[in-house]
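Let's take a walk through this model together, one stop at a time. Keep the viewer open and turn the view as we go.

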Amino acid sequence: MVSMRSFRGRMISNQLAKFVFLSASLFGLLVLFVLLYRVIEQGIGWLNADFLTGRLSTQPEKAGIKGAILGTLWLMAVVIPITTIVGVGTAIYLEMYAKKGKMRELIQTNIANLAGVPSIVYGILGMTIFVRALDFGNIVLAGGLTMSLLVLPIVIVSSQEALRAIPAFLGEASYGLGATKWQTIRSVLLPVALPSILTGSILALSRAIGETAPLVVIGIPALLMPIPMSIFDKFTVLPMQIYYWTMDSSLLAEYANLAAATILVLLTALFLLNASAIVIRNKFEQRF
Amino acid sequence: MLTRQENSKDIHFRQIAERHQRRKARERLIPIGLFLLTFLSIVTTIGIVIVLLSETISFFQRVSILEFFTGTVLKPLSQTPQFGVLPLLTGTILSTLIAMAVAIPFGLMTAIYLSEYASARWRKFLKPALELLAGIPTIVYGFFAFTFVTPILRDWIPSLQATNLLSPGIVMGIMIIPMVASLSEDAMRSVPNSLRDGAFGLGATKLEVTRKVVIPAALSGIIASIVLGISRAIGETMIVTIASGSSKNFTLDVTESMQTMTAYIVEVTGGDASAGTTIYYSLYAVAMTLFVFTLVMNMLARYISKKFKEEY
């Protein structure tokens, strides 16, 4: 069949296809630019020191996001230690200790499935267990534990990959010197894997900072006046503020501008996190 | 003198033996500690299943399973409440269809371009740029759909309501493009060059090689990426919550406001449904349905990519 068509026709359709494929790839970029342009245009005028350090208010001109910024920071203070200890610990167990077999495969499949569970289901788990059954209420700790469960699979899988990427001779050399297994893991393997583990953890953290759905389910009040001072206080976070202001923008158009300004703060934080992940990876990653 | 020397030697040996003993104990205890940490992920799964299942059972003691799955009316707050899940199910399925109508063509064409056509340098720029799209929080996409895409679409479709299913569906599709593109590209790049070279040697153009060699060889990975995209669309919450409103319409008209399963959960929990009411339990029945849907999709994706993987 191919030979029936003219050589010229086939070359033209190839060039045409290349153009179409390129345009399709650029479509995503175009949307990204429009989205960023739109948010910056709408929010930049509202982004000033008063907005960053002020408290919430129903009056757009007076509203500030100090509480949401601190809430996000407190949430990170819960998520970082829990996901690091549990995530890296699990990765070490699965890569270094668990015997290959049914049990290990079951755990691995389970982790892969957990990674695919919608975030709102984690929200329901957190609401039922942490907020109601353990009666924490909607405090930072409850939100942080829920978020930790949500991003844990990401930390586990990336830490596993980091450990797996270490060449075997490093461990063998350590064993050869008489080091025990744990000594080898702690003093040889973990330091080598650290940059990759850190990169994965930062990416997981940026997921936790941007998530909204689980916290909506846990129940964050729309207009929370007190600023959280510990993990036992009620709190709000940047995405929740964006959510409430977007929903209220049909009542008062200025709320959309506040939402846009908050998006700028959130995107800047995410950009800084991701940039630091790239720097860490490029600077400290060792090649063998 | 001699005894004292003997003594200090003994102490020294004992210290070594003790240290050795401690080290041995530590070597035994550490795997147990690490296993307990690992066990947390199993506990999480069990927790999700038990929480969803027990409350769903409570729900079905109040509302019959048949009424839930075949009911076309969802009126949880009415005097005579009705709990048909079909309006939510159509909302979820329709928004997923719209999203995939955007994500599949654009995702696959992007994957083909990156894998087959793009130069190495251009690819090195384009791929991370597209990954930025995947890193944007869904709440931001929700804002974008509600305040930007809907107004634009309304210029073209005057009958479009301020909250509708079309706009969040499209934006959700854009959000999923990087996922489909990246996973499909991985599948295409793992097709060995010897296969391509064989076809090039027969005089095929790049397009012909892509269509007749690369795509068939990478098909299992491509389908898996689409199934994962579907699962993602089903579970997506904030975009539809913001831009599709909360009308529990049972319709196929995507210009109207409709509610998805995820948006219903947000609405009910946001309304502070008190524990023990039928509304409160309905939350879990909907969440269970959602959980089963996404779980089946994820397992299907893994099954496809494992089972039909071509080995070279």
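In which helix of chain B does B:T147 lie? The answer is α5, which spans residues 138-156. Keep in mind throughout that this is a predicted model. With a relative accessible area of 12%, B:T147 counts as buried, because the cut-off for that label is under 20%. Its side chain reaches the backbone oxygen of B:F143, at 2.8 Å.

Next, the record. An unreviewed UniProt entry annotates "transmembrane region" over several stretches of chain B, among them 85-108, 129-153 and 165-183. How do two of these look in the model? Residues 85-108 of chain B are 96% helix and 0% strand, with end C-alpha atoms 33 Å apart. For residues 165-183 of chain B, the figures are 95% helix and 0% strand, and the end C-alpha atoms lie 27 Å apart.

Further along chain B, helix α11 (residues 278-307) holds B:I304. This isoleucine is buried too, at a relative accessible area of 11%. Between B:I304 and B:I222 there are 82 residues in sequence, yet their C-alpha atoms are 9.7 Å apart in space.

Now move over to chain A and find helix α7, residues 168-176. Its buried residues are A:L170, A:G171 and A:S174. They sit on the same side of α7(A), because they cover an arc of only 95 degrees around the axis. An α-helix has 3.6 residues a turn, so residues three or four places apart point the same way. The buried residues of α7(A) pack against α8 (181-210) of chain A, while A:A168, A:E172 and A:G176 are exposed on the other side. Just after α7(A), A:G178 adopts a positive phi of about 95 degrees.

Definitions and conventions. Residues are numbered from 1 along each chain as its sequence is written. Chains are lettered from A and ligands numbered from 1 in the order in which they are written. This is a predicted model: local features need pLDDT of at least 70, side-chain atom pairs count only at pLDDT 80 or more; totals for chains, interfaces and linings use all residues. Side-chain values use heavy atoms; hydrogens and water are left out. Helices (H or I, at least four residues) and strands (E, at least two) are DSSP runs, numbered from the N terminus. Buried means under 20% relative accessible area, exposed over 50%, partly exposed in between (1.4 Å probe, protein chains only). A polar contact is a pair of N or O atoms within 3.5 Å; within protein, one must be able to donate a hydrogen and the other to accept it, and residues adjacent in sequence count only if both atoms are side-chain atoms. UniProt positions are given in the numbering used here, feature names are shortened, and annotations may be inferred rather than shown by experiment. The arc is that of the directions from the helix axis to the C-beta atoms. Contact means heavy atoms within 4.5 Å.
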